[in-house]
Amino acid sequence: MAARYRRPRDRRMLTLTVRGRKRISPHFVSVTLGGDDFRYLEQSGYDQAGRLFFRGPGQAKVVFPTSEKWMRQYALLPAARRPRVRLYSIRRFRPERSEFDIEVAIHEETPAGSAAPGSGWALAAQPGDTVGFLDEGYAYVPTPDAAWQLLVGDESALPAVLAILEHSTGTLPAEVFLEVPADDDIRDGITAPAATNIHWLPRNDPAAKPGSLALRAVKDAQLPSGPCYVWTAGESSLPTGIRRHLVNERKVPKSDVAFLGYWKHGKASLG
């Protein structure tokens, strides 16, 4: 079974605004969100994520759901008034300023704009734009006997992996496999536990399926011995492929593998 997010008991739809936007590499945009409703957001797990509700292209008026039971409200809205919905990890909190950052992977960008709703929103977001945010909690829960951790993801999982590394400094050393669209998306100065090895895997091929490079790299890798905890996420075939390989070929217990399919290649998600 795929990992499930551990949701907070008190979940509410938050109304936030865009406070800033920064292009941090060719395929990543950082967006800062904040506002009075930030006080209802409790910082929890290292890979904490939430559903972001935002306007789509050409939408002058859009209705954001008002509660955690958002899917029923969403379904009742006319298509033209439905917000776009995407799941994003919280990259970093700044409670002293009542704000946090998310990082959006940019896909299918063209001179006329981006075909992917999340990409298009991130590229056009302006300070003052209103969004809805619903905390989904976290899934990263290392097993008690783990001596090291294996973290594997494509670009959609990169923000969560970097947040995990920063928060777990001084605890579990990690073997990290991060697939990104291009060489220029590789990050420098990553904070991570001692003895951590980060393997950057740039595709440099727009036609290549995301996740395939990371899956192959893990299959070919010489990994440390001893009990480990595995967290893997991204395009659905990557985490499922990683789990299948580790369980069948390396005899890693299923209970030690947390895997999350964030999206499916060639298939549009809700919104």
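User: Before we start, what counts as buried here?
Analyst: Buried is under 20% relative accessible area, exposed is over 50% and partly exposed is in between, with a 1.4 Å probe and protein chains only. Helices (H or I, at least four residues) and strands (E, at least two) are DSSP runs numbered from the N terminus. This is a predicted model, where local features need pLDDT of at least 70, side-chain atom pairs count only at pLDDT 80 or more, and totals for chains, interfaces and linings use all residues. Residues are numbered from 1 along each chain as its sequence is written, and side-chain values use heavy atoms, with hydrogens and water left out.

User: OK, how many of the residues of helix H3 are buried?
Analyst: Eight of the ten (residues 158-167), so H3 is largely enclosed by the rest of the structure. Among them are Leu158, Pro159 and Ile164.

User: Switching to rings, how many aromatic pairs are there?
Analyst: Nine. Rings of Phe, Tyr and Trp (its six-membered ring) pair if their centres lie within 6.5 Å; planes under 30 degrees apart are stacked, over 60 edge-to-face, the rest tilted. Phe54 and Trp121 have ring centres 5.2 Å apart and planes at 35°, so that pair is tilted.

User: Where do those two sit?
Analyst: Phe54 is in strand S3 (residues 49-54) and Trp121 in helix H2 (residues 117-124), 67 residues apart. Both Phe54 and Trp121 are buried.

User: And which residues form a cluster?
Analyst: Phe38, Phe93, Phe100 and Phe133, linked by ring pairs.
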